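Please keep the sequence and the 3D view open as you read.

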Amino acid sequence: MRQNRSSRVGLINILGLIALASWSMSSLAQAQRSSPPAPARDINPPVANCNVTPDTNQASVPAPGQPTATPITAALLTSGQPCQQVVSTRGLVAGNGLANLQRGFDFYSWLTFIAMNSPADGKTIGQGPRPGGDAFTKWEDLANFRPLGDVMLAKGAKPTWGERIVPKECKSLDGKSSDGRNKIIFHLGEEAFNQPFKTGPLIDQDGNFALFDILMNRPMYDFINGLYSKQGQQNFKRPIRFPPGNNPVTGDTPEPGRMGAIMLKVSYRILDPEKNKDLIDKFHTSDALIYFPGPPATKTGPACVEKKLGLVGFHVGHKTRGAPQWVWTSFEHVSNVPDAATDGSIEKKLDRYNFFNAKCTNDCPAVNDTPPQPWDPDTSLKFQGPYRSQVVRTRMLPGPVIDEVAKLNEAFQSLVQGTVWENYMLLTTQWPSSFNCVQEVQKLENAGKDLMTVVDPTCAPAPTYLANTTLETYSQGRIPLASSSCMACHGNATTQHVPATASDFTFILEKAQSARR
């Protein structure tokens, strides 16, 4: 199925460019009004503060006038989280609708990053009590997001929203962080140290395994209610359609804004409080209890260890109206890896990287190669042997996108200068570029129909390829059917229903266990 769908992307990309003229604020509004209302049991409740800030003032500048950029000022730090993208083919680049849409989505991504990483106590981002103005974030608060390990429980048990699950092996280590917050509980399984499709772990320059976790917000969690076990998925008779986010709609048929389903994948490096004390104020950090459940999830355990984690990757999927394939936002720490130059050389701009040795000149590990096996970490979370990953960011994005994102990064990083958050950068945002295809998919979704009748359910991802070097290290590139593309990959996700059914661009449902009796 992956090959059949992906082989049609080239045709759809051409059709998507033709359909770009339909991407406008008015057409998006029509798409909003045609979407179904929230169900009686409102798992996607109204929110009062959808951030509807556009990247330009194009709505107030009649054509053929030239829009100007929305000022990137401190007001954006408290403007809230977008419920949906606000984009237009009209923008800063005259006659280039694709470039204007891309900038609009990237602006949306920065607003999303700021909102989700703001302190859970409601303060402004960068004004927390930890070094570098860091703080316990909104996405770390169990009132807002739940990690996968708290949802897909052993034996298909029913999860409970808001319940903090502390394994017995971790209880002796449990307690509050220095700022009075609970330590995060990190459930270790193969997907927490081995990258997608078992392509291998990532080893930092201190010899530690990088760690990965998946979280979901309340609307996504509530939709999964009943799908947390294999039996529940087998009994589910409707297509899997997570609730979309939408901005408020005015006019004859007004509708409140709703956040919709959001899933988050994060990656961490381990920071030693003494050895890495000069780095603490350069990362968002989390005091974590790492739980090794034991076989079959981990070879080691049951056991629990305490570690300080530094955020190195932040990857968001947000289902919205106008993007039923979800909008994919990807951020990294600026010191993760160097970039590959256009001539194939390596742009070594820093002396120290998380996953690249800039000082290595002889007998260096092969670039972007997987570590030698075995890959199962023990409780030290140290890789057994001298190997350290030597990762370089492959040049996957078109040059104009790279330049546009660099300018946005510089502007937004200046807002959080002097805080840990100035050390994070947007890679770009992937979104469905064929408006006509998006409309067809939304009509089928609203009617509860199978999407297999669509030529390409991904609707021409733009840009075609996107990889986070900490999460898709070994699938970077521009090779059809092989290189990383958020939508092309997640479009193949299925349930554990027999026969398997599409799971709406998420692999989370594949983690459900059997409810043994």
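A residue is called buried when its relative accessible area is under 20%, exposed when that area is over 50%, and partly exposed in between, using a 1.4 Å probe and protein chains only. Keep in mind that this is a predicted model, in which local features need pLDDT of at least 70, side-chain atom pairs count only at pLDDT 80 or more, and totals for chains, interfaces and linings use all residues. Residues are numbered from 1 along each chain as its sequence is written, and side-chain values use heavy atoms, with hydrogens and water left out.

How far can you trust the picture? pLDDT is the predictor's confidence in each residue, from 0 to 100. Its mean for the protein is 90, and 91% of the residues reach 70 or more. Over residues 1-19, however, pLDDT is below 50, and this stretch has 34 contacts (heavy atoms within 4.5 Å) beyond near neighbours in sequence. Residues 25-37 also stay under 50, with 25 contacts beyond four places in sequence. Where pLDDT is low, the predicted coordinates should not be read in detail.

Now to the cysteines. A disulfide is a covalent bond between the sulfur atoms of two cysteines; here the cut-off is a pair of cysteine sulfur atoms within 2.5 Å. The structure holds 4 disulfides, and if you number the bonded cysteines in sequence order, the pairing reads 1-2, 3-4, 5-6, 7-8.

One of these disulfides joins C50 to C83, with an S to S distance of 2.0 Å. Both cysteines sit in the loop between helix 3 (25-34) and helix 4 (97-116), 33 residues apart; helices here are DSSP runs of H or I with at least four residues, strands are runs of E with at least two, and both are numbered from the N terminus. The link is left-handed, with -85° about the S-S bond, and C50 and C83 are buried.

C170 and C304 form another disulfide, their sulfur atoms 2.1 Å apart. This pair spans 134 residues, from C170 in the loop between strand 1 (145-147) and strand 2 (184-187) to C304 in strand 6 (residues 303-320). The torsion about its S-S bond is about 100°, so this disulfide is right-handed. C170 is buried at 0% relative accessibility, and C304 is buried at 13%.

Further along, C437 and C459 are bonded, with their sulfur atoms 2.0 Å apart. C437 lies in helix 8 (residues 435-446) and C459 in the loop between helix 8 and strand 11 (461-462), so the bond ties together parts 22 residues apart in sequence. A torsion of about -70° makes the disulfide of C437 and C459 left-handed.

C486 is buried, with a relative accessible area of 3%, whereas C489 is partly exposed at 23%.

Finally, turn to the second largest pocket. On a 1 Å grid over the protein atoms alone, a pocket is an open set of points where a 1.4 Å probe fits, with protein on both sides within 12 Å along at least five of seven lines, and lining residues have an atom within 4 Å of a point. This pocket holds about 960 Å³ of space. Its lining has 35 residues, of which M152, E191, P293, A297 and Q513 lie nearest the centre. Strand 2 and strand 3 (211-217) each supply at least two lining residues.

Methods:
Points joined across faces, edges and corners; volume = space filled by probe spheres on them.
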